[in-house]
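Hi,

Here is the structure I said I'd pass on to you.

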Amino acid sequence: NDSNSFRCVMIMIGELLNATLITSHHVLGFVFDDILGVRRTDLCENDIEGLYEILKRCHRELVSTSSNEQCLHKYLCILDKEKYKFYHGTQVTKRVRFMVDQMKMLAGMKRAQKINHIHVDK
């Protein structure tokens, strides 16, 4: 199954980053950029699930520097917009929205948004 193989490759990429055999620059600059960058094609559930598997395993490494955090934030904002392109009311939509929301939480975006919201309100 191609989708299962893709998921396994993404898990392996996350584990290579954890073992410091590749850098966060490789993951953000090649994997995330190929899927979410300017050359992206139609995003599918498998793409989102693969990115979720990486972020679930090594989110600390991907936000270890401010430049990494900004880069990841940019890609997660793209994902947040893209998740609404999936059909409404299906199981796929619920899974995609869950994975994107989890990735944002793992990257600390919700915390940052709440802090920004508090500062704007004052």
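Is the crossing of H1 and H3 left-handed or right-handed? It's right-handed. Before going further, bear in mind that this is a predicted model.

To place those two helices: H1 covers residues 2–18 and H3 covers residues 45–62. Their axes come within 8 Å and cross at roughly 15 degrees, so H1 and H3 are roughly parallel to each other. On the H1 side, the residues making the contact include Phe6, Met10, Ile13 and Leu17, while H3 brings in, among them, Leu51, Ile54, Arg57 and Glu61. By type, the residues of this contact split into 9 nonpolar, 5 polar and 7 charged.

The axes of H1 and H2 come within 10 Å and cross at roughly 155 degrees, which means H1 is roughly antiparallel to H2. The crossing here is left-handed. Phe6, Met10, Ile13 and Leu17 of H1 meet Ser24, Val27, Val31 and Ile35 of H2. That contact has 7 nonpolar residues, 1 polar and no charged.

As for H2 itself, the helix spans residues 24–36. Its buried residues are Ser24, Val27, Leu28, Val31, Phe32, Asp33, Ile35 and Leu36. And what do the buried residues of H2 pack against? They pack against H1, H3 and helix H4, which is residues 66–82.

Cheers

Methods. Residues are numbered from 1 along each chain as its sequence is written. This is a predicted model: local features need pLDDT of at least 70, side-chain atom pairs count only at pLDDT 80 or more; totals for chains, interfaces and linings use all residues. Side-chain values use heavy atoms; hydrogens and water are left out. Axes are lines fitted to C-alpha atoms, for helices over the stretch in contact, and angles run from 0 to 180 degrees between N-to-C directions. Helices (H or I, at least four residues) and strands (E, at least two) are DSSP runs, numbered from the N terminus. Angles under 35 degrees count as roughly parallel, over 145 as roughly antiparallel, 65 to 115 as roughly perpendicular and the rest as oblique. A crossing is left-handed if the near helix is turned anticlockwise from the far one by less than a right angle, and right-handed if clockwise. Contact means heavy atoms within 4.5 Å. Ala, Val, Leu, Ile, Met, Phe, Trp, Tyr, Cys and Pro count as nonpolar, Asp, Glu, Lys and Arg as charged, and the others, Gly among them, as polar. Buried means under 20% relative accessible area, exposed over 50%, partly exposed in between (1.4 Å probe, protein chains only).
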